[in-house]
Amino acid sequence: MLRLNEKFAAAIRAHGVETYPHECCGAILGRDAGVAREVLGLVPLANRRDDSPRNRFEITSDDVRVAENKARDLGCDLVGWYHSHPEAPARPSDFDREHAWPWYSYIIVSIEKAEPRAMNSWRLVDDRSRYDAEPIEIIG
Amino acid sequence: MPIKILIPTPLRAYTNKLDTVEVQAATVGDAISALTTQFSDLRKHLYNDEGRLRSFVNVYLNDEDIRFLQKDQTEVSDGDTISIVPSIAGGR
């Protein structure tokens, strides 16, 4: 279960609309609290994939380190990543799966004709064979 | 003195929850190899089916990306710290 304040959900949708038709991306800061994982902040990041930003995104390791430092400054963890799928469903692609680790929450928001649609969160399973849906609870 | 390897949070499930693992090694490649020998479940998340580091897995020696040093042949010294840092990629 991923507990997401409405203001963070709105910020992810807005970022996806802002960068449309390109993919947006960013880091999710939070903390595991029992069965739920609570989102405590977002770090919007630049999509470094200049050659194909409509259907790919990349966050460099240097940007990952920036996000890790922000999490440390706030006393929380870097718990996952978000990105948008312009004109595509909010579910992971095979390309996503090849470039992921378990434990992280991967939020995907679908953007159709510059309008935000479904938003889902996913976790890669241990054997890397698939993602499981992680229910999102919107609060606030 | 051994080499220290910092384990990123997502991979601590495969290192008995350790956030740091100490190994004896002469190069960065040896150090990562020693790590995955000790914790074999880590291997599939660091290496692809061809036995090469996955393209999104980056290794830093102290604060330097080893791609700009001698890659996995980069020599390590007592007290050095190795970090494993993912780059995040994906798309529809």
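These notebook entries record what I looked up about the interface of chain B and chain A.

**Entry 1, basis.** I worked from a predicted model, in which local features need pLDDT of at least 70 and side-chain atom pairs count only at pLDDT 80 or more, while totals for chains, interfaces and linings use all residues. Residues are numbered from 1 along each chain as its sequence is written, chains are lettered from A and ligands numbered from 1 in the order in which they are written, and side-chain values use heavy atoms, with hydrogens and water left out.

**Entry 2, extent.** I looked up contacts (heavy atoms within 4.5 Å) and noted 26 residues of chain B against 30 residues of chain A. The two chains bury about 2,500 Å² between them, 59% of it on carbon and sulfur atoms; buried area is the accessible area (1.4 Å probe) that two parts lose on being put together, summed over both.

I searched for salt bridges (a side-chain nitrogen of Lys or Arg within 4 Å of a carboxyl oxygen of Asp or Glu), and the rule finds one across the interface. R65(A) forms a salt bridge with D63(B), and their closest N and O atoms are 2.7 Å apart.

I then turned to strands, which are DSSP runs (E, at least two residues) numbered from the N terminus; two of them pair if DSSP finds at least two bridges between them. Strand β4 (residues 57–59) of chain A and β6(B) run antiparallel and are joined by three bridges. I noted E58(A) opposite A89(B) in β6(B).

Methods:
Helices (H or I, at least four residues) and strands (E, at least two) are DSSP runs, numbered from the N terminus.
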